[in-house]
Amino acid sequence: GLLKKARKIAEKNLNQIIKLCSPKSYIIGIEPSAILSYRDEYPELVSDNYKKIAKQVANQIYTIEEFLLNEQKKENFKIETLNAQAKDIFVHIHCQYKAIANKQTIIDCLKIVPSFRVYEIESCCCGMAGSFGYEKKHYELSMKIGELFLFKAIKQLPKDAIIVANGTSCRQQIYDGTQRKAFHPVEVIYEELFQNF
């Protein structure tokens, strides 16, 4: 409901981005709600003076998973994990990502690593909903939403299962509701390539 304040912030953000990036630059981020707001909300939210800039930025902004998957499809890189042990990866996908982007992108990005067997956790919203679940008056409801599907599904996974969630608030909610750590997709890809779990 704070549209005037949101517009002001959006326009300030766009000013910062166009100072740093040319129209040919890739703009890449890891947090779905932050990145997707540039694509979905900013072009409609900003004043007429910023419409062209907002549309330009919307066309050049990507989540890290989208960027990696596109680069892999263009054969700009290939991941080989020789003799790597197969790992089961269980993924909870951020609600806004499901609504605005293509959830299959997260799964396909993880499948870039040949040793990963990737499974989507069938669930609804984790219950956190950005900062909603952090607010004292919403905490109980937030946890009840998480318990509907997500927490139950995670509690049934093996103790050594690798859990992935692309949203920061989702990862926090998973920990608070199950005491299980969830990783960002890029973390598990990095660990597999450079550290090993």
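Q: Which residues does Leu110 touch, not counting residues up to four places away in sequence?
A: In soluble globular proteins, nonpolar side chains tend to be buried together. In this predicted model, Leu110 touches Ile89, Val91, Phe116, Val118, Val164, Pro185, Val188 and Ile189, once residues up to four places away in sequence are left out.

Q: How many residues has the largest nonpolar core, and which have the most contacts inside it?
A: That core has 21 residues, and Ile89, Val91, Leu110 and Phe116 are those with the most contacts inside it. At least two residues each come from strand 3 (87-92), helix 7 (104-110), strand 4 (116-120), strand 5 (162-165) and helix 11 (185-195), with helix 7 giving the largest share, four residues. Another core, of 15 residues, lies apart from it and includes Met143, Ile163, Ala165 and Ile174.

Q: Why does Thr178 count as buried?
A: Buried means under 20% relative accessible area, and Thr178 counts as buried because its relative accessibility is 12%. Thr178 is found in helix 10 (residues 168-178) and, not counting residues up to four places away in sequence, touches Phe151, Ile154 and Lys155.

Q: Which backbone oxygen does the side chain of Thr178 reach?
A: An α-helix has 3.6 residues a turn, so residues three or four places apart point the same way. Here the side chain of Thr178 reaches the backbone oxygen of Ile174 at 2.6 Å, while a polar atom of that side chain lies 3.1 Å from the backbone nitrogen of Arg180.

Notes. Residues are numbered from 1 along each chain as its sequence is written. This is a predicted model: local features need pLDDT of at least 70, side-chain atom pairs count only at pLDDT 80 or more; totals for chains, interfaces and linings use all residues. Side-chain values use heavy atoms; hydrogens and water are left out. A nonpolar core is a set of buried Ala, Val, Leu, Ile, Met, Phe, Trp, Tyr and Cys residues joined through side-chain atoms within 4.5 Å. Buried means under 20% relative accessible area, exposed over 50%, partly exposed in between (1.4 Å probe, protein chains only). Contact means heavy atoms within 4.5 Å. A polar contact is a pair of N or O atoms within 3.5 Å; within protein, one must be able to donate a hydrogen and the other to accept it, and residues adjacent in sequence count only if both atoms are side-chain atoms.
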